[in-house]
Amino acid sequence: MTVAHKARAGEPANGRRSAPPPGSAPGRPPLARRPRTAALTPWLFLAAPLTLLLVFTLVPVADMIGYSFTDWDGTSPARSFVGGENYSDLVRRPARFEVFLVSGFYLAASFVQIALALYFATVLSFDTRFRNLFKGLLFFPYLINGVAVGFVFLYFFQPDGTLDTLLRLVGAGGEHLWLGDPDLANPSLAGVSVWRFMGLNMVLFLGAIQSIPPHLYEAAQLDGANRWQQFRHIIAPGIKPIISLSFVLAVSGALAVFEIPYIMTGGANGTETFVIQTVKLAFQFDKVGLASASAVVLLVLILLITWIHRRLLPEERVELS
């Protein structure tokens, strides 16, 4: 075949076939002709979690807001609309908000919990013997059900129980009403929350520390930096967003404490929290409308605190190289 014939046949003169244009691979439609359903693929993967979020979070919150404008008792089919009467009732009785003082014990305990979690995460991020064992032991309390934790520490804090026995071994004998004395009950319960949730914060900090490039530690060691200097100049700035997140979770968790004091004391001896008070309004006094209004107030308060935190300490992108 001559060169002219090859040219007419659309083949190159040197006998080699040219590469097909982009997007025209065999068996694949051109890019412009691909079905538009490809753009819907991410939404197909998000369909299940969004459905669960809608059904189990957004719809119940919407129902709760609706109940807050009624005087429903939780059982009768009739629901009388009362407008903002439930909210005005909360405002007229400021004593209902005095229970937030109890949250101060849990807030202080949260700061202790964050400090301990940060310490253990830093120590276990370096080469330490049996560090995997210690990680498991410290994280294990978070895996235990809150009801089981409450019953375990009921025996721990009994008069002449486990804690009193341990104190007697170190010379601090005597029986203490750890859950019966109002001066000891809240610190004791707050200490249980530290034991239970410290592992979660430790795992968060540990994951953030392990994301720091290793060559930064090597460079710091070559410069003669000790462990404290490495923590101050490398670890602390590198995990600043996680520390900020932990403080937000600490504040919101302190305001919404429920499991431990409800199981161990039922809110007695000055240990009643705002959530326990709300549960009693709904299921003990049959005031679901007023309890829903209290829950809405708590939700708005947590959102407001989170917003203020974001305004005062905006999220910063940390880049370590």
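This is a predicted model: local features need pLDDT of at least 70, side-chain atom pairs count only at pLDDT 80 or more; totals for chains, interfaces and linings use all residues.

Q: Why is Lys280 called partly exposed?
A: Lys280 has a relative accessibility of 23%. Buried means under 20% relative accessible area, exposed means over 50%, and partly exposed lies in between (1.4 Å probe, protein chains only). Lys280 therefore counts as partly exposed. Residues are numbered from 1 along each chain as its sequence is written, and side-chain values use heavy atoms, with hydrogens and water left out.

Q: What makes the pair Glu272 and Lys280 a salt bridge?
A: A salt bridge is a side-chain nitrogen of Lys or Arg within 4 Å of a carboxyl oxygen of Asp or Glu. For Glu272 and Lys280 the N to O distance is 3.3 Å, so the pair meets the rule. Side chains of opposite charge can pair when their charged atoms come close. Glu272 is partly exposed, because its relative accessible area is 21%.

Q: Why is Gly267 called buried?
A: Gly267 has 13% relative accessibility, and therefore counts as buried. Gly267 lies in the loop between helix H12 (259-264) and helix H13 (274-283). Helices here are DSSP runs (H or I, at least four residues), strands are runs of E (at least two), and both are numbered from the N terminus.

Q: Which residues is Gly267 in contact with, leaving aside its neighbours within four places in sequence?
A: They are Pro261, Glu272 and Ile276. Contact means heavy atoms within 4.5 Å.

Q: What makes Asn269 stand out in the loop between H12 and H13?
A: Asn269 has a positive phi of about 60 degrees although it is not a glycine. Asn269 counts as partly exposed because its relative accessible area is 35%.

Q: Where is Asp160, and what is its phi?
A: Asp160 sits in the loop between helix H6 (146-156) and helix H7 (162-169). Its phi is positive, about 60 degrees, although Asp160 is not a glycine. At 41% relative accessibility, Asp160 is partly exposed.

Q: How do you know that the length of H11 agrees with a helix of 16 residues?
A: The expected span is 1.5 Å times one less than the number of residues. For H11 that should be 22 Å; the end C-alpha atoms are 23 Å apart, which agrees. The buried residues of H11, including Ile243, Val248 and Leu255, pack against H4, H8, H10, H13 and helix H14 (288-312).

Q: What makes a group of residues a nonpolar core?
A: A nonpolar core is a set of buried Ala, Val, Leu, Ile, Met, Phe, Trp, Tyr and Cys residues joined through side-chain atoms within 4.5 Å. The largest one here has 23 residues, and Phe205, Ile212, Tyr217, Ile235 and Ile239 have the most contacts inside it. H8 gives the largest share of this core, six residues. A second, separate core has 17 residues, among them Val102 and Met264.

Q: Why is Trp43 called exposed?
A: Trp43 has a relative accessible area of 55%, so it is exposed. Trp43 is in helix H2 (residues 41-67).

Q: How many helices and strands does the protein have?
A: The protein has 14 helices and zero strands. Of its 321 residues, 30% count as buried.
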